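Have the structure open and follow along.

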Amino acid sequence: VRLVSIRDETDDGRVVCKLQEFDRLVRGGASTSSLESNLEGLAGVLEADLPNYKTKILRILCAVARLLPEKLTVYTTLVGLLNARNYNFGGEFVEAMIRQLKETLKNNFYNEAVYLVRFLSDLVNCHVIAAPSMVAMFENFVSVTQEEDVPQVRSDWFVYVVLSCLPWVGKELYEKKDVEMDRLLSQIEGYLQRRVKTHVSMLQVWTAEKPHPQEEYLDCLWAQIQKLKKDRWQERHILRPYIAFDSVLCEALQHNLPPFTPPGHMPDAQYPMPRVVFRIFDYTDAPEGPVMPGSHSVERFVIEENLHCIIKTHWKERKTCAAQLLSYPGKNKIPLNYHIVEVIFGELFQLPSPPHIDVMYTTLLIELCKLQPGSLPQVLAQATEMLYMRLDSMNTGCMDRLINWFSHHLSNFQFRWSWDDWADCLSTDQEKPKPKFVKEVLEKCMRLSYHQRIVDLVPATFSALIPAEPVFRYKYADESAASLPGYAISITVGNAIKNRASNEEILTILKEVPNPNQEDDDDEGETFNPLKIDVFLQTLLHLAAKSFSHSFSALGKFHEILKTLTDSDEGKLHILKVVYEVWKNHPQMIAVLVDKMIRTQIVDCAAVANWLFSQDMAHEFSRLFIWEILHSTIRKMNKHVQKIQKELEEAKDKLEKQQHKRDMDKNSEDEEGQLEEQIERLQEKVESAQSEQKNLFLVIFQRFIMLMTEHLVRCETGSVDISTPWYKNCIERLQQIFLMHHVTIQQYMGTLENLLFTAELDHHILAVYQQFCALQL
Amino acid sequence: MSVKLHALYSDSYVDIGQYRDQHFKGQLGEQEKLLKQSHTLYVGNLSFYTTEEQVHELFSKSGDVKRIIIGLDKVKKTACGFCFVEYYTRADAENAMRFINGTRLDDRIIRTDWDAGFKEGRQYGRGKSGGQVRDEYRQDYDPARGGYGKLAQHRTTEALNSF
């Protein structure tokens, strides 16, 4: 991170330069003694600049507190030194921080607010803030647990903030105010025991408790703080530069934090979602070198927290991010590579979704492998192996991400992998997670290379898991198809297309196609004729099969015809059926064609959803490409609604501006009238789009409920265990819909409860809905 | 937030590069403006055998791809090792610059750069022999890009003919 200068009318090179230099030093992993002398020097410079640049310095330091949490203790030390030299500055800084905290909370930036409070709490260690006033702030935070009728995630946050500061300041606060702190902790304990934890299972990466239980994040942190307390608050991991300056700092006068009342709950508040702590390694896993701190040690919390902060700060610049992760202070005392890999996978598999885009993690891991070629790839391989071994209980959505990560990673390393180590997946039913995983990985690897490459890559024993060659399947290919009803016309149509016939000519040719759904010759009106669609589309796509671009061009050229043929719901469903039949060996092609057809309105989103859930597609139900298409469809629908909503807002803004002008200029009434009309039209468009969006979700949920109910009834009647691989996949796919689109779905809670997820529903299905509701309670 | 800090974070992977299209038609500074708003990326150092499907699979990892135009040899009309990838949004293109640029496709490290926008004609290589300029003069042997550079190939052929 470069501290780039504040653009201000009065550009003050010196202050900013000094801070930039200092930041570079901190980033570069300066030695402790170098750090200390630089801190001293910087404090001197800034103190001298205070008369002229106080506001600027305050602003930068506040921003640093909010945005560079991994360097917390370095900058609190700096503030401590400044406070020792200039008491008033210290007071003004604390006031500025409180203002910033209020603002941050108001704007729902809860993660940054945590960093601010942690900064304040570490200022107690630097003799800037008096311990009793910090305890008072914590007491106010914890009193939120007494509030009634507020979402649990609200009180969760306030408890989390307090607990997460204690590794830094617990010792100091206990030394000064042990009675109050004990009371505080016992209040927290009471709250944690009352908390509802229905949401936890929906957020766990594995359904199994072994080898590592995945704890709810507050439970884990509580256990860590309990242990810290038992150890009499001795915390040895955090780098504390202020210790070296103790003689200077303890001379400083401290400030009291002003009484801080937590802002009240607002209906539009978006508190952070609960999470589960991801653990894959323990002390038995790092074979040589330093031992991994235990899962309930406070060191584990601090290390993980710092690594998460580094990623949060540097995710856009992978080289810097990797370098910063690998130069973590104190790295020689911990198995750093293991922590890094665990934290990265923890983020990648986080439910509902990773904090950053998936592909970032792939590239970051590659960068780390480049920087530590002798050690990191081995840890990564070890982790991959462990993830493979636990596939049976891995959440389906997480497995999707693992598939995408692993295949993309391999494509950067010539697909080298010891596939034979996974030979156990060959001896089991292909619907089980392990063979399924390998199949999907090989399919994705093929997409990034080509079929023969995959054949050459895997041992011959794996041939059953190799994807099909992605070739077109043309029904009317040759004379062996001559007996098929559409054969003759397929040739005529094919020639017409090749000779650039007009749409009218082609439609005329297609009129000759008999309709298997009708008994009499009735070519009045455009009744649904599945054979017509079949003949035309198969032939067209066959001619355009060479590449995506060829196929897109074909869809574009014959858009009119396709729209005519798919005028009805049945037509839309059938076109999707045909696309699948011809390209079933090339799921990637199916996905891009469906995408194109939605965007050019040949089919609509609900048609795609109905098609994916149809009986014809039941045998593909657990394949990844089905769900990629479904989620892509939902995303397109969501973006469409957002786009029109934005247009409406912009038109409304324009109208407002126009109305202001009107007060000054009588001639603009016409424009106003036009705008009002436009707004009315857009309003209708928004309502129609929102209604379509809601309908899409209702269709999806209905189909899930139908499928699952069928399964449960069948199992009950046959006295069979419901927990088949199919069922696990189905229920987790339903959960995935809720999790991935929770923002949109929140709008429909009323309808969902009254219409679909009613008390009459089988409790297995209802449980998914209840867990989802529990996420934001 | 009343604090206006100019990028406490740097985001250097997204910065526009040094390359400017010499054939670009427009005022001074216009190309830079377009590059800074662009949703289109130029992708270089592809193998001649890399397909549109492979490009689509990789670049879809940063967002929905609107269109891909494979670069062609002007004479042979076959792929000559570059392409354009257009996204629906700038944000998706930025993520490609951050996370796909400099990684491998078809075993080759590919390079992405901002492009001012596809125009008909820009899908063709501008080298004398029909491919890309870089393939005219390079000295190394690259089997995925037609072997030796064109100049070296000509020289070899001439040398052989003069025997």
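Before we start, one term: a residue counts as buried under 20% relative accessible area, as exposed over 50%, and as partly exposed in between. Keep in mind, too, that this is a predicted model.

Now look for A:Leu755, which is 53 residues away from A:Gln702 along the chain.

**Chain A as a whole**

Zoom out for a moment. Chain A has 32 helices and 0 strands. Its C-alpha atoms fill a box of roughly 100 × 80 × 55 Å along the principal axes. Of the 777 residues in chain A, 56% are buried. And if you take the contacts in chain A between residues at least 6 apart in sequence, 75% of them join residues at least 24 apart.

**Rings meeting rings**

A pair of aromatic rings is described by the distance of the centres and the angle of the planes. Searching the whole structure turns up 49 aromatic pairs over all chains.

| Pair | Centre to centre | Angle between planes |
|---|---|---|
| A:Trp315 and B:Phe99 | 6.2 Å | 25° |
| A:Phe701 and A:Phe738 | 4.7 Å | 25° |

The pair of A:Trp315 and B:Phe99 crosses between chains. On one side, A:Trp315 belongs to the loop between helix H11 (298-314) and helix H12 (318-326) of chain A. On the other, B:Phe99 is part of helix H3 (residues 90-99) of chain B. Both A:Trp315 and B:Phe99 are buried.

The other pair stays within chain A but links distant parts of it: A:Phe701 is in helix H28 (residues 669-717) and A:Phe738 in helix H29 (residues 725-740), 37 residues apart. Why does A:Phe701 count as buried? Because its relative accessibility is 1%, and the cut-off for buried is under 20%. A:Phe738 is buried as well, with a relative accessible area of 0%.

Rings can also join up in groups. Ring pairs link a cluster in chain A whose members include A:Trp206, A:Phe278, A:Tyr388, A:Trp405 and A:Phe437.

**Charges over rings**

Which residue lies over the face of A:Phe552? That's A:Lys596, at 4.6 Å from the ring centre. A:Arg599 lies over a ring of chain B: the face of B:Tyr88, at 3.8 Å from the ring centre.

**Where the chains meet**

The size of an interface is often given as the accessible area lost when the parts come together. For chain A and chain B, that buried area is about 4000 Å², with 52% of it on carbon and sulfur atoms. On the chain A side, A:Lys316, A:Arg318 and A:Leu448 lose the most area to chain B, together 15% of what that side buries. In terms of contacts, 47 residues of chain A touch 35 residues of chain B.

How many salt bridges are found across this interface? There are 4. Have a look at B:Asp107 and A:Arg453, whose side chains meet in a salt bridge at 3.0 Å, N to O. The interface of chain A and chain B also has 17 residue pairs in polar contact.

Technical notes:
Residues numbered from 1 in each chain as written. Chains lettered and ligands numbered in written order. Predicted model: local features only at pLDDT ≥ 70, side-chain atom pairs only at ≥ 80, totals over all residues. Heavy atoms only, no water. Phe/Tyr/Trp six-rings, centres within 6.5 Å; stacked < 30°, edge-to-face > 60°. Helix = DSSP H or I, 4+ residues; strand = E, 2+ residues; numbered from the N terminus. Buried < 20%, exposed > 50% of the residue type's maximum accessible area, 1.4 Å probe, protein only. Lys NZ or Arg CZ within 6 Å of the ring centre and 35° of its normal. Contact = heavy atoms within 4.5 Å. Buried area = accessible area lost by both parts, 1.4 Å probe. Polar contact = N/O pair within 3.5 Å; in protein donor to acceptor, adjacent residues only side chain to side chain.
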